[in-house]
Amino acid sequence: MNQLIKEIRNNLSNGNYLSALALTLILPDICGEIAFPRVKSRERYTRWYNEYIYPYELSPVDGNPYNEWVPNGEIIYKLRCSLLHDGSLDIEKEIKKVAGLGKSNKYKFKLTNNFTSINLTWENGDKSEEPSVLVRIGVEDFCKIVCAVAENYYFENCPNNDIYNEIVIFDFS
């Protein structure tokens, strides 16, 4: 775990956002395996993310319209699968399915090296209609948050802290 997080942070420092993101997206897999070892991959991933990260991304204000658009574990899992299995970051179709939006063109999902934001706009200011939604995930912010939570979780909950530290052993001899 130490090596993975160190590499993620080095990638961020060097502006290698795609590499940092790819490595970050496997951290909930590792932590989910520790937390829920008898549960299948998708469920443990989404469950761990929803328990340890998602609640803290929500606004503490009840009824905040932005909260329903904060990416949950299912959406982050879709991002992980799309990037690691398909080499793609385009998950709008999958998010529309998860959110029950059908073919709505009012939803856009973007990854950016800037900050995370959710923008809602209503045509003609009519808030009784569905808003147009733009969700931007700041890769750097996302990676730092997931790293911090995973690192803390790992060292609090893994009785043998070196279990995942030797995933890659570099031997140049």
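In strand β3, Val135 is the bridge partner of Phe109. That pairing is a handy way into this predicted model, since Val135 of β3 turns up again as the bridge partner of Ile118.

**The sheet**

Let's stay with the strands for a bit. The sheet is an open one of three strands, in the order β1-β3-β2, and the pairing is mixed. Strands β1 (107-112) and β2 (117-121) sit at the edges, each pairing on one side only. From one strand to the next, the twist averages 15°.

How do β1 and β3 pair, in the parallel or the antiparallel sense? They go parallel, over six bridges, with β3 covering residues 132-138. Besides the Phe109 and Val135 pair, Tyr107 stands opposite Val133 of β3. On the other flank, β2 and β3 run antiparallel over five bridges, and that is where Ile118 meets Val135.

How much of β3 is buried? Five of its seven residues are, so the rest of the structure largely encloses this strand. A residue counts as buried here when its relative accessible area is under 20%.

**The whole chain**

Stepping back, the protein chain has eight helices and three strands. Read from the N terminus, the elements go α-α-α-α-α-α-α-β-β-β-α.

Of the chain's 173 residues, 39% count as buried. As for contacts between residues at least 6 apart in sequence, 57% of them join residues at least 24 apart.

**Helices packing on α8**

Helix α8 (residues 139-157) has α1 (residues 2-13) as one of its packing partners, and α4 (residues 41-52) as another. Two packed helices are described by the angle between their axes and the distance between the axes. Here are both pairs:

| Helix pair | Axes come within | Crossing angle |
|---|---|---|
| α1 and α8 | 11 Å | roughly 165° |
| α4 and α8 | 11 Å | roughly 95° |

Take α1 and α8 to begin with. Their axes cross at roughly 165°, and α1 and α8 are therefore roughly antiparallel to each other. The crossing of these two is left-handed. On the α1 side, the contact is made by Asn2, Ile5, Ile8, Arg9 and Leu12. The α8 side brings in Glu140, Cys143, Lys144, Cys147, Ala148, Glu151 and Phe155. Sorted by class, the contact between α1 and α8 has seven nonpolar, one polar and four charged residues.

Now for α4 and α8. These axes cross at roughly 95°, which makes α4 roughly perpendicular to α8. Trp48, Tyr49 and Tyr52 of α4 make the contact with Phe142, Val146, Val149, Ala150 and Tyr153 of α8. And which classes show up in the contact of α4 with α8? It has eight nonpolar residues, no polar ones and no charged ones.

**A look at Ser19**

One last stop is Ser19, which is found in helix α2 (residues 17-24). Ser19 is partly exposed, because its relative accessible area is 37%. Glu7 is 12 residues away from Ser19 along the chain, and the C-alpha atoms of the two are separated by 9.0 Å.

Terms used:
Residues are numbered from 1 along each chain as its sequence is written. This is a predicted model: local features need pLDDT of at least 70, side-chain atom pairs count only at pLDDT 80 or more; totals for chains, interfaces and linings use all residues. Side-chain values use heavy atoms; hydrogens and water are left out. Axes are lines fitted to C-alpha atoms, for helices over the stretch in contact, and angles run from 0 to 180 degrees between N-to-C directions. Helices (H or I, at least four residues) and strands (E, at least two) are DSSP runs, numbered from the N terminus. Angles under 35 degrees count as roughly parallel, over 145 as roughly antiparallel, 65 to 115 as roughly perpendicular and the rest as oblique. A crossing is left-handed if the near helix is turned anticlockwise from the far one by less than a right angle, and right-handed if clockwise. Contact means heavy atoms within 4.5 Å. Ala, Val, Leu, Ile, Met, Phe, Trp, Tyr, Cys and Pro count as nonpolar, Asp, Glu, Lys and Arg as charged, and the others, Gly among them, as polar. Two strands pair if DSSP finds at least two bridges between them. Buried means under 20% relative accessible area, exposed over 50%, partly exposed in between (1.4 Å probe, protein chains only).
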